[in-house]
Amino acid sequence: MLLYVGVYADGNDLKQQLKEKYSKFSASELEENAELINDTLERDIRMTVRLQIVYGRLSIGSVRSAFEKSVGSRLQKFGGQDTKELLQR
């Protein structure tokens, strides 16, 4: 089984909220800047999570259940207890 997870921040939100602090850095400097990742996770920036599973005998129900448990617990750390709506989207 192969599992790929990608998290993508909305570029416009990212620029708008972090431009004051990071506008003077070059792209190569930002790639190596661990503080940028922390700042991104601490802000209310729109993000997309992409989950790709490659496995022949896996049911969608078991995937949904595993996703809700794993991602749901992480969402609770950032957004509180009510994560059902976010998980459905």
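Predicted model: local features only at pLDDT ≥ 70, side-chain atom pairs only at ≥ 80, totals over all residues.
Me: What is the mean pLDDT of helix α1, which holds Tyr22?
Reply: Tyr22 sits in helix α1, residues 11–22. The protein averages a pLDDT of 81, and 89% of the residues score at least 70. Among its elements, helix α5 (residues 84–88) has the lowest mean, 70, and α1 has the highest, 90.

Me: Is Tyr22 buried or exposed?
Reply: The relative accessibility of Tyr22 is 6%. Buried means under 20%. Tyr22 therefore counts as buried.

Me: Which residues does Tyr22 touch, not counting those up to four places away in sequence?
Reply: One of them is Leu36, 14 residues apart from Tyr22 along the chain. The C-alpha atoms of Tyr22 and Leu36 are separated by 8.1 Å. With sequence neighbours up to four places away left out, the contacts of Tyr22 are Leu30, Asn33, Glu35, Leu36 and Asp39.

Me: How are the planes of the aromatic pair Tyr22 and Phe25 arranged: stacked, edge-to-face or tilted?
Reply: A pair of aromatic rings is described by the distance of the centres and the angle of the planes. The count comes to one aromatic pair. Tyr22 and Phe25 form it, at 5.7 Å centre to centre and with 45° between the planes. Under 30 degrees would be stacked and over 60 edge-to-face, so this pair is tilted.

Me: Is Phe25 buried, exposed or partly exposed?
Reply: Phe25 has a relative accessible area of 32%. Buried needs under 20% and exposed over 50%. Phe25 is therefore partly exposed.

Technical notes. Residues numbered from 1 in each chain as written. Heavy atoms only, no water. Helix = DSSP H or I, 4+ residues; strand = E, 2+ residues; numbered from the N terminus. Buried < 20%, exposed > 50% of the residue type's maximum accessible area, 1.4 Å probe, protein only. Contact = heavy atoms within 4.5 Å. pLDDT = per-residue confidence, 0-100. Phe/Tyr/Trp six-rings, centres within 6.5 Å; stacked < 30°, edge-to-face > 60°.
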